[in-house]
Amino acid sequence: MGLFENMAGGFAVAVTWSNLFYCAIGALLGTAIGVLPGLGPPATIALLLPVTLKMQPVSAVIMLAGIFCGAMYGGSTTSILLNIPGEAASVVTCLDGYKLARKGRAGAALGMSAIGSFIAGSLAVLGISFMAPTLASFALKFGPPEYFCLVFLGLMMAIYLAEESILKGLMMASLGLLFGTVGLDPVDGTHRFTLGFDRLTDGVDFVVMAMGMFGLAEILCNLEEVEQREIFKTALKGLLPTADDWRKAWGSVLRGSLLGFFIGVLPGGGAIISSFAAYAVEKRLAKHPEEFGHGAIEGVAAPESANNAASTSSFIPLLTLGIPGNASIAMIFVALMMHGVRPGPLLLTEHPDIFWGVIASMYIGNVMLLGLNLPLIGFWVRVLRVPYRYLAAIVVAVCIIGAYSVNNSAWDVGMMLFFGVVGYVLRKFAFPAAPFILAMILGPMLEKTLQQSLIGSGGSFLTFFDRPISATLLIAAGLLMLTPVAKQMWRRYRDRERLSVP
């Protein structure tokens, strides 16, 4: 079947009343989560994982994808009106968005953010439609050695790109790999790290762990902060950008969309890095870079376009290779696994309704998000005045109920509370949670493909270098690991040279 026939089949799945409903719910929840500072997409998706057990797989993914993408839209509202990013990817939007609001142009900033996000999201979905099937076909040629090297490279990229401290990222990834080995050995069936508890024979329940480390830990950290939400009062008129705004910003929207799309495909790249990169590119290319940080419309258009394009394109490695690139996508990965659906190259042939239905729903979701963001801005402003402690109480109750409902067991509630405390302590010492989550998911895949590769080669590690694809991926991972060391050596050499100059 050709692309257009597949897309027609995807739209037939996406436009059913039930899937349209879940798409709208996801878009609405995602926008609300983006607007409300303190509760991001990973935590929200983790809280809703138990709910998805009662849904069809395609409906579950459509709703969760709507939450993830919707948060990128909603995050700009608080950045522009409060100078507080509702979502981490909207940090850069504060620089110029809030300054525009103080100049009485909050409406234009919010309008440019919503329309730029819509354009970027639509272009990114178009890119997925063309790129994903080709990549999935190529991935079918992979054997265990190629998959081991690909997963290893993806994990290294997630550690290297996602966090400022690579050392802490490596430590958290190692801890995640350790937790991923709890349970039965996949080859000889021996118990590993179960500590005598029969409940750990099947391993640590990822849903319960995610609800604790993201949902509960997020609430505990946010409750410590003093709530300061001074909404800048300005007229929200003129939501459509002027012709002069578009003359300045249309190139920024396109460049941000392109840059965000390709950064989003990289494991660990995601919306945060793409928004910073897009802002830096626009500032360098601008005729008047001194305007950036003082209310430049391009400073809103570029990062908002980039983070929306990146959030959409981050589905490519999930759907085609079965590798989650960030914490939110990892939650969607788990949702699919809970329904017995294995993401990866076979998803296109085994579950084409999910593959194409999700892509088609992204087209529809973009239209819904545009319709939600512009007319409902006044409503979101009123929502921002709700004290956070009320939201926190609701989230804690949802965590407890959700953890219990997974297996109807108090054990799971205890495990959720345990991981909530662990996540809270790790955050207090600035240890990132994302590498832990990704390593815990990718660990079993890494171990399985390593064992399969060594069994097939009679125990020889040369099998990873005998095959061109696996050798290339492994060399790339090695270079990535050596990059921080090379940077440090170069910095020390440059400092010595500077000191030696009389």
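Colleague: Which residues in H4 meet which residues in H16?

Modeller: Please keep in mind that this is a predicted model. From H4 come Pro57, Val58, Val61, Ile62, Cys69, Gly70, Tyr73 and Gly74, and from H16 they meet Asp353, Ile354, Gly357, Val358, Ser361, Asn366, Leu369, Leu370 and Asn373. Sorted by class, the contact of H4 with H16 has 10 nonpolar, 6 polar and 1 charged residues.

Colleague: At what angle do H4 and H16 pack, and how far apart are their axes?

Modeller: The general idea is that two packed helices are described by the angle between their axes and the distance between the axes. For H4 and H16 the angle is about 35 degrees and the axes are 9 Å apart, and H4 passes H16 in a right-handed crossing.

Colleague: At roughly what angle do the axes of H3 and H4 cross?

Modeller: The axes of H3, which covers residues 41-52, and H4, which covers residues 57-81, come within 10 Å and cross at roughly 165 degrees, and the two helices are therefore roughly antiparallel to each other. On the H3 side the contact is made by Pro41, Thr44, Ile45, Leu48, Leu49 and Thr52, and on the H4 side by Ala60, Met63, Leu64, Ile67, Phe68 and Ala71. By class, this contact of H3 with H4 has 10 nonpolar, 2 polar and no charged residues. As for handedness, H3 passes H4 in a right-handed crossing.

Colleague: How are H4 and H12 oriented, roughly parallel or roughly antiparallel?

Modeller: They pack at an angle of about 170 degrees, with their axes 9 Å apart, and H4 and H12 are therefore roughly antiparallel to each other. Phe68, Cys69, Met72, Tyr73 and Ser76 of H4 make the contact with Glu304, Asn307, Asn308, Ser311 and Thr312 of H12, and the residues of this contact divide into 4 nonpolar, 5 polar and 1 charged.

Colleague: How many of the residues of H12 are buried?

Modeller: In H12, 16 of the 16 residues are buried, so this helix is largely enclosed by the rest of the structure. Its length can be checked as well: at 1.5 Å a residue, the 16 residues of H12 (298-313) should span 22 Å, and the end C-alpha atoms are 22 Å apart, which agrees.

Colleague: Which helices do the buried residues of H14 pack against?

Modeller: H14, residues 327-338, is mostly covered, with 10 of its 12 residues buried, among them Ile329, Met331, Phe333 and Leu336. The buried residues of H14 pack against H3, H4, H9 (206-224), H13 (315-321), H16 (352-373) and H20 (434-456). From its first C-alpha to its last, H14 reaches 17 Å, close to the 16 Å expected at 1.5 Å a residue, and the helix is followed by Gly340, whose phi is positive, near 75 degrees.

Colleague: Is Ile400 buried or partly exposed?

Modeller: Ile400, which has its place in H18 (residues 388-407), is partly exposed, with a relative accessible area of 37%. Leaving aside neighbours within four places in sequence, Ile400 is in contact with Val413 and Met416.

Colleague: What share of the protein chain counts as buried?

Modeller: Of its 502 residues, 55% count as buried, in a chain that has 22 helices and 2 strands. Among contacts between residues at least 6 apart in sequence, 79% join residues at least 24 apart.

Note on methods:
Residues numbered from 1 in each chain as written. Predicted model: local features only at pLDDT ≥ 70, side-chain atom pairs only at ≥ 80, totals over all residues. Heavy atoms only, no water. Axes fitted to C-alpha atoms, helices over the stretch in contact; angles between N-to-C directions. Helix = DSSP H or I, 4+ residues; strand = E, 2+ residues; numbered from the N terminus. Parallel < 35°, antiparallel > 145°, perpendicular 65-115°, else oblique. Left-handed = near helix turned anticlockwise from the far one by under 90°. Contact = heavy atoms within 4.5 Å. Nonpolar A, V, L, I, M, F, W, Y, C, P; charged D, E, K, R; others polar. Expected span 1.5 Å × (residues − 1). Buried < 20%, exposed > 50% of the residue type's maximum accessible area, 1.4 Å probe, protein only.
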